[in-house]
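Subject: Structure handover

Hi there,

Here is the structure I promised to pass on to you.

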Number of protein chains: 2
Amino acid sequence: MANDKKLVEEITSMDEDFAQWYTDIVKKADLIDYSSVKGCMIIRPYGYAIWENIQHLLDTRFKELGHENVCMPMFIPESLLNKEKDHVAGFAPEVAWVTHGGSEKLQERLCVRPTSETLFCEHYANIIKSYRDLPKLYNQWCSVVRWEKTTRPFLRSREFLWQEGHTMHATAEEAEAETVQMLNVYADFYEKDLCIPVIKGQKTDKEKFAGAKATYTVEALMHDGKALQGGTSHNFGSGFAEAFGIQYLDKDNKLKPCYQTSWGVSTRMIGAIIMAHGDNNGLVLPPAIAPIQVMVIPVQMHKEGVVEKATEIQQRLNKTFRCKIDTSDKSPGWKFSEYEMKGVPLRLEMGPRDIENNQCVLVRRDNRQKYFVSLDELETKVAELLDELAQGLYNDAMARREAMTETPEDLDAFIESAKEKPGFKKAMWCGDLECEMKLKELADVSSRCIPFDEEPVGDKCIVCGKPAHKLVYWGKAY
Amino acid sequence: MANDKKLVEEITSMDEDFAQWYTDIVKKADLIDYSSVKGCMIIRPYGYAIWENIQHLLDTRFKELGHENVCMPMFIPESLLNKEKDHVAGFAPEVAWVTHGGSEKLQERLCVRPTSETLFCEHYANIIKSYRDLPKLYNQWCSVVRWEKTTRPFLRSREFLWQEGHTMHATAEEAEAETVQMLNVYADFYEKDLCIPVIKGQKTDKEKFAGAKATYTVEALMHDGKALQGGTSHNFGSGFAEAFGIQYLDKDNKLKPCYQTSWGVSTRMIGAIIMAHGDNNGLVLPPAIAPIQVMVIPVQMHKEGVVEKATEIQQRLNKTFRCKIDTSDKSPGWKFSEYEMKGVPLRLEMGPRDIENNQCVLVRRDNRQKYFVSLDELETKVAELLDELAQGLYNDAMARREAMTETPEDLDAFIESAKEKPGFKKAMWCGDLECEMKLKELADVSSRCIPFDEEPVGDKCIVCGKPAHKLVYWGKAY
């Protein structure tokens, strides 16, 4: 087990230096690599396979709800970006500009899309004429670029992968229903597939998307007590539609404006998975998105029949689960720690003794519990353990979040708590930007969201003391 | 049937103006739309669904052969692009340059990837150390940018979608085997799934990829007799690897260079499908990649039970095929011509009389043949007709190619034939660039490929008369 120990020692402990722990994992679990393209990441096969699984699960949900995928250009002419004033103000400072094609200077410079509202609106203005053309439920999987100064793999990168849904509706009510529906899709995906509990709510005006009427969000708490915005869904009302002249002829023969939404999640989700479930041995992956759900490791490989039997079991399991086998000449100890690092949910060990007894050993990644399992009931047991592991991940994350959520009584207690203890702070807010800014200044927290369906924790603003009806989750955020 | 006729009349006939016919189809079959981003296209849901089907089928083949997907940055720093001299000479004149991030001028400008050999090489230099790390079989699905002056949807676009495989091997032999294997994957996909016969062969030095040692290609013939390069597979030898210092420590403890390949196909395939199978009524889609394989059109929808029964049949078929129903208030005639335009392989008509007789009518898109089919054997019959249609498309395309392939006896006959008749010309070539250029000048054709496994058609160069061992397919190309 010497090799095992050595590998483990190579990761910084998360209590010692959380940021370094994170960086160690993304590198050592082979999720990413750096390149000479500053601020951008190479997503390696193991990391990309996680993204492919996320894509597949979400895309299926989107399509079941009637959404269709499209592909817009990656460039936006400056004049098009300028068409909606709040939007351009929000994005222009952080876009990459293409100024030359080959050796020629372009007549108009193009930005690499930071998001595609303007492109979708221009297209919708072309294709929406009548009530028969509505709703339009489009989505796009692509990469976008935002010229960030400080970057971290998955969390804040100059280029990242995402999906952006852009929909157009006949009425404000339909647009609002879509905005809420897609937030619920994200919440459901986070909780069921990523095993990460989230708080659903609305962003304050200060934190909402550039150009949106309302932004809804799912907020998750990471291991270190920082919040992560997991996904957002925006209701644009008819603002963009009016700027772009998107109107439809209704049944009553009147021209009416369209109502618009957009919603997106990104490779940031992989950062959330790492920081919600990882431990000092590396990554811990929820089964739904794990590239390998079961890793078969033959023990005493030199003994006759071991590799053959283990391979047979791997092929059998691979019909139902994503199952691989490692028959390389490395030691079992090295392999154990390698696949712990990679967060493979279940390890299956099998040696000559196990074969004799028609059994194998299953080890859960999250709590390292061992199970001796008869080969006759292997599939059932694997499915059971994967479910239990998923439930366990969710419960642990939920317990951690609860332990890390406080409701300070007054401003002093809030400041003290924000200074001393990581996590969410719940407090009432009057709705004034000034009070929101003041909390940022005094306690270094931002408003995460005004949660849906939660009871108020008082009736006065924690900052100014005036009557307050809005409960807000506050926190330090990625 | 008035509506039907009207719709059909809206398409330019392919004999009258092939280019306009093509443009009509891409627009009227809802494959693409234009935007204010010059030279780039919007791929609409119906067009993108074709691409998703292509992706799925190819990705499955790639993965079965051990390839893994990754994601590289979309930018390449100028100094990195400059690292392999033939490569940069080939691509620098046609790349888009990013010069500013936000309001700041970049220290080094970045091009938007026209292809990613340099990025992959930089990464491979980082991760390949030992023979144990080989082979590396990576692929990436993404979009690339080439600043073309004249553009046409799918065929030549400033941004297009593609996949680029990039592999590294321990020996020259393995790299060659991979190059050939991937060309065969493309050929197989073209012939079996896209129903387009292709000629496999090698590009001349003039036509090969910038920086490659050898480029293999699959060439297809379009309806108008022009050739289309369907996909390419390149053997780079160790050229890039040496420029990038990619070496591995072999079992014999010696440092050795790696051998590299790359291979790609793009959304150009959709252009090939249109021009190989389309007719004057619109698109004709091979079943394997058709977003809708069977379109159910209820007839006399106002009659009791028709919509219900047709919907029941659609839901039943949708378990095995991609099947949709159109219950909109448009006339059956309008619907017939709409889904002919969209190239849906089979139309299923069903009216009260059919329901009474426990049958429906199936109509093949390619030859409009009608079949009265009992509902008891519907699945079998649909599968049969889809297979027959696929085989029919392939046979028609093959017959057309054969009719359009000539073997001129001498240079005069070649020039005459190239002027008078569209299609492939087969002729012997001595291997000199000069003769290749001369044919371009005299007959306005380029070399398409030196075919694998074909008998020579003579022993003298058609241009200079010197001894020649290379048979070449020549043609006008997209």
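First of all, please keep in mind that this is a predicted model. The largest nonpolar core counts 286 residues, and those with the most contacts inside it are A:A220, A:V296, B:A220, B:V294 and B:V296. If you want to see what surrounds one of these, take A:V296: leaving out residues up to four places away in sequence, A:V296 touches A:A310, A:I313, A:Q314, A:C323, A:K324, A:I325, A:L348 and A:M350. As general background, nonpolar side chains tend to be buried together in soluble globular proteins.

**How the two chains meet**

Chain B can be laid on chain A by a turn of 180 degrees and a shift of 0.0 Å along the axis, with an RMSD of 0.0 Å. The two copies are therefore related as by a two-fold rotation axis. In chain B, the C-alpha nearest that axis belongs to B:V98, at 2.1 Å from it.

At the interface, 42 residues of chain B are in contact with 42 residues of chain A. On the chain B side, strand 2 (42-43), helix 3 (45-64), strand 3, strand 4 (75-77), strand 5 (96-101), helix 6 (117-127) and strand 8 each supply at least two residues. Strand 5 of chain B gives the most, with 6 residues. Sorted by class, the side of chain B that touches chain A has 24 nonpolar, 11 polar and 7 charged residues. Because 100% of the interface residues of chain B are also interface residues in chain A, the copies meet through the same surface.

Strand 5 is worth a look in both chains: strand 5 (residues 96-101) of chain A and strand 5 of chain B are joined by 5 bridges and run antiparallel. Within this pairing, A:W97 has B:H100 as its bridge partner.

The buried ones are A:E117, A:T118, A:L119, A:F120, A:C121, A:E122, A:H123 and A:Y124.

**The 11-stranded sheet of chain B**

Chain B has an open sheet of 11 strands with mixed pairing, in the order 3-7-8-14-11-10-9-22-23-21-20. Strand 3 (68-69) and strand 20 (405-406) stand at the edges with a single partner strand each, so one side of each is left without a neighbour in the sheet. Further in, strand 21 (residues 424-429) runs antiparallel to strand 23 (residues 470-475), and 5 bridges join the two. One of the residue pairs here is B:M428 with B:L471.

Helix 7 (residues 172-193) of chain B lies across strand 8 (159-169), strand 9 (199-202), strand 10 (214-221), strand 11 (227-237) and strand 14 (259-266), and runs at about 165 degrees to strand 11.

**The five-stranded sheet of chain B**

Another open sheet in chain B has 5 strands in the order 16-15-17-18-19, again with mixed pairing. Its edge strands are strand 16 (323-325) and strand 19 (370-374), each pairing on one side only. On average, neighbouring strands of this sheet are turned by 25 degrees against each other, direction ignored.

Going through the pairs, strand 15 (residues 294-298) runs parallel to strand 16 with 3 bridges, and B:M295 stands opposite B:K324. Strand 15 also runs parallel to strand 17, here with 5 bridges, and B:I297 faces B:E349 across this pair. Strand 17 and strand 18 are antiparallel and share 4 bridges, with B:L346 opposite B:R364. Strand 17 of chain B is mostly covered, as 4 of its 5 residues are buried.

Helix 13 (residues 378-403) of chain B lies across strand 15, strand 17, strand 18 and strand 19, at about 10 degrees to strand 18.

**One residue of chain A**

Finally, A:P257 is found in strand 13 (residues 255-257) of chain A. With 17 other C-beta atoms within 10 Å, A:P257 is partly exposed. Neighbours within four places in sequence aside, A:P257 is in contact with A:S238, A:A241, A:E242, A:I246 and A:Q247. The C-alpha atoms of A:P257 and A:M168 are separated by 9.9 Å, while the two residues are 89 residues apart along the chain.

Best wishes

Conventions. Residues numbered from 1 in each chain as written. Chains lettered and ligands numbered in written order. Predicted model: local features only at pLDDT ≥ 70, side-chain atom pairs only at ≥ 80, totals over all residues. Core = buried A, V, L, I, M, F, W, Y, C linked by C-beta atoms within 7 Å. Buried ≥ 20, exposed ≤ 12 C-beta atoms within 10 Å, placed from the backbone. Contact = placed C-beta atoms within 7 Å. Pairing = 2+ DSSP bridges. Axes fitted to C-alpha atoms, helices over the stretch in contact; angles between N-to-C directions. Nonpolar A, V, L, I, M, F, W, Y, C, P; charged D, E, K, R; others polar. Least-squares fit on C-alpha atoms with pLDDT ≥ 70 in both.
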